[in-house]
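Hi everyone, thanks for making time this morning. Let me put the structure up on the screen, and then we can walk through a few spots together.

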Amino acid sequence: MKPGTIVQHYKNKRNYKIISNAKHTETREDMIIYQAQYDDPELGKRPWFVRPKKMFEETVEYEGKNIPRFKIIQEPKKPEATEKKSQGLRTATQENSYKKQ
């Protein structure tokens, strides 16, 4: 799962943001680091969690149906738009530096 993806947990219907993919230090198992998009009275503001990728992406039986544990709500923004924007800034900056010479 890509960082920036917003997912919803099947049971509590709360949203979480994927922060990163990681590896377990001992087993090398793929892990997902994700952040709650809500504050929790016991865990604080927007707490972070980690879960094995296999478990994160598995389906679960809920109310007689097999459904994903986490449903994708929003894909991350495409990096191409950011790249083009930053390339435009670099070009404008370069033009300004040429004008000063």
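Let's begin with the aromatic cluster: ring pairs link Tyr 16, Tyr 34, Tyr 38, Phe 49, Phe 56 and Phe 70. Please keep in mind that this is a predicted model. Counting across the structure, there are nine aromatic pairs.

Tyr 16 has another partner here, Phe 49. Their ring centres are 6.3 Å apart and the planes are at 75°, so this pair is edge-to-face too. Again, distant parts of the chain are linked: Tyr 16 in β2 and Phe 49 in strand β4, 33 residues apart. Phe 49 has 26% relative accessibility, so we call it partly exposed.

Now back to Tyr 38 for a moment, and what sits over its ring? That would be the charged end of Arg 14, 4.1 Å from the ring centre.

Arg 14 also brings us to my next stop, His 9. You'll find His 9 in strand β1, which covers residues 6–9. Its relative accessible area is 11%, so His 9 is buried. Which residues does His 9 contact, if we leave aside its neighbours within four places in sequence? They are Arg 14, Tyr 16, Arg 69 and Phe 70. Of these, Tyr 16 and Phe 70 are members of the aromatic cluster we started with. The side chain of His 9 also reaches the backbone nitrogen of Lys 11, at 3.1 Å.

Last stop, the hairpin. Strands β5, residues 59–62, and β6, residues 65–68, run antiparallel and are joined by four bridges. If you look along the pairing, Thr 59 stands opposite Pro 68 in β6. Two residues lie between the strands, and Glu 63 in that turn has a positive phi of about 50°.

That's my tour, and I'm happy to zoom in on anything you'd like to see again.

Definitions and conventions: Residues are numbered from 1 along each chain as its sequence is written. This is a predicted model: local features need pLDDT of at least 70, side-chain atom pairs count only at pLDDT 80 or more; totals for chains, interfaces and linings use all residues. Side-chain values use heavy atoms; hydrogens and water are left out. Two strands pair if DSSP finds at least two bridges between them. Rings of Phe, Tyr and Trp (its six-membered ring) pair if their centres lie within 6.5 Å; planes under 30 degrees apart count as stacked, over 60 as edge-to-face and the rest as tilted. Buried means under 20% relative accessible area, exposed over 50%, partly exposed in between (1.4 Å probe, protein chains only). A charge sits over a ring if NZ of Lys or CZ of Arg is within 6 Å of the ring centre and within 35 degrees of the ring normal. A polar contact is a pair of N or O atoms within 3.5 Å; within protein, one must be able to donate a hydrogen and the other to accept it, and residues adjacent in sequence count only if both atoms are side-chain atoms. Contact means heavy atoms within 4.5 Å.
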